[in-house]
Amino acid sequence: MGFILTLNEGVKGKKFTCEYQVSETVEKLLAMLGTLDRWIDETPPVDQPSRFGNKAYRSWYAKLEQDAETLVMAILPSDRHDAAPEIAVYLKESVGNSTRIDYGTGHEAAFAAFLCCLCKVGALRMEDQLAIIFKVFDKYLLVMRKLQKTYRMEPAGSQGVWGLDDFQFLPFIWGSAQLIDHPTLEPRHFLEEKAVNEYHHDYMFLECIKFINEMKTGPFAEHSNQLWNISAVPSWSKVNQGLIRMYKAECLEKFPVIQHFKFGSLLSIQPVKP
C-alpha cells in the first residue's frame with residue numbers, strides 16, 4: 001500500500017504528456033513488455049469449441065515461465081542479479097493464471113509487487129515515479145488488454161456488475177489522482193463519450209473507461225454499476241480516497257484474492273513493525 005500511495009501522490013494533477021525523466025531501467029522494462037507483446041502476435045488463438053479461455057494462452061504463458069528469470073536479470077543492476085529468481089515470481093504471477101486462463105486484480109497486484117521489488121533492490125528510484133505509471137504501468141495495461149482480447153480471458157473472481165471493473169483496479173486509483181483539481185473535468189463527465197474521446201490520451205482513468213465502452217454493450221449503469229455510482233461523487237479527490245479504501249477492502253483484504261499472493265525476502269509475510 002505504501003508503494004501504491006507514494007505513486008498516487010506523485011501523479012496528482014499530472015497528465016500523461018507532462019515532462020518526466022525516463023531512466024535506463026524504465027527503457028529496459030518497456031523493452032521487456034514489448035517482448036511479451038510480440039509473443040502474443042507469435043502465438044495466435046487456436047480453433048476450439050469454447051468461446052472463452054483460448055488454450056493458445058498456455059503456449060504464450062509457457063514462454064514467459066521459461067524466460068522470466070532471464071527477462072528480469074536484464075533489468076536488474078549487475079550487483080543484484082541474485083534477486084532475479086524472487087522478482088521473476090511476481091512477473092509470472094502478474095499476467096493471469098494459465099490453468100484457468102483468467103486475469104484479475106490479484107494478478108494486477110502482483111505487477112505492482114514486481115515494480116515495488118525493483119524499487120527495493122534499487123533498480124527503480126524515486127525520480128522514476130511518473131515514468132513507472134505513465135510509461136511502464138500504461139504499457140503493462142496495453143499488453144494485458146491485448147491478452148484479455150486475444151485469448152478471451154475470463155475475469156478472475158469477478159463480482160460481475162458489482163465489481164469496479166472485470167480486470168483492473170489500480171489505474172482507476174492513479175487515474176483519479178491525475179484528475180484532482182482539473183479545471184473543467186468532473187467525475188460526472190466520464191459518462192460522456194465526447195469527454196472520454198477528447199481526454200483519454202491525457203488521463204489513465206478515461207483510457208480505462210474507453211476500453212470498457214469498446215468491450216461492453218448496453219447502458220453503462222447496467223454493465224458497470226459501481227463506476228456509474230462514482231460518477232455522482234462531487235470531486236476527484238473524494239473519488240481517489242474512496243477508491244483507495246475500496247481497494248484495501250475489495251482486493252487486499254479479500255481472502256480469495258490475497259490467498260494467491262507470494263511472500264519472500266523482499267516482501268515479507270512478517271507484519272510491519274509499528
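**Disulfides**

I looked for disulfides, counting a pair of cysteine sulfur atoms within 2.5 Å. I found zero in the structure. This is a predicted model: local features need pLDDT of at least 70, side-chain atom pairs count only at pLDDT 80 or more, and totals for chains, interfaces and linings use all residues. Residues are numbered from 1 along each chain as its sequence is written, and side-chain values use heavy atoms, with hydrogens and water left out.

Next I checked cysteine 116. It is in no disulfide, and the nearest cysteine sulfur, in cysteine 117, lies 5.9 Å away. For cysteine 117, the closest cysteine sulfur is that of cysteine 116, and 5.9 Å is too far for a bond. A disulfide is a covalent bond between the sulfur atoms of two cysteines.

Are these cysteines buried or exposed? I used relative accessible area: buried is under 20%, exposed is over 50%, partly exposed is in between (1.4 Å probe, protein chains only). Cysteine 116 has 15% relative accessibility, so it counts as buried. Cysteine 117 is buried too, at 0%.

I took helices as DSSP runs of H or I, at least four residues, numbered from the N terminus; strands are runs of E, at least two. Axes are lines fitted to C-alpha atoms, for helices over the stretch in contact, and angles run from 0 to 180 degrees between N-to-C directions.

The axes of H1 (residues 2–11) and H7 (residues 170–178) come within 7 Å and cross at roughly 30 degrees. H1 and H7 are therefore roughly parallel. The cut-offs are under 35 degrees for roughly parallel, over 145 for roughly antiparallel, 65 to 115 for roughly perpendicular, and oblique for the rest.

I then listed the contact, meaning heavy atoms within 4.5 Å. H1 brings Ile4, Leu7, Asn8 and Val11; H7 brings Leu170, Ile173, Trp174, Ala177 and Gln178.

**H7 and H12**

H7 packs with H12 (residues 236–252) at about 155 degrees, the axes 8 Å apart. That makes the two helices roughly antiparallel. From H7, I noted Leu170, Phe172, Ile173, Ser176 and Ala177. They meet Trp236, Val239, Asn240, Leu243, Ile244 and Tyr247 of H12.

**Isoleucine 173**

I finished on isoleucine 173, in helix H7. Its relative accessibility is 0%, so isoleucine 173 counts as buried. Which residues does isoleucine 173 contact, leaving aside neighbours within four places in sequence? I found Asn8, Asn240, Leu243, Ile244 and Tyr247. Leucine 5 is 168 residues away along the chain, yet its C-alpha atom is 9.3 Å from that of isoleucine 173.
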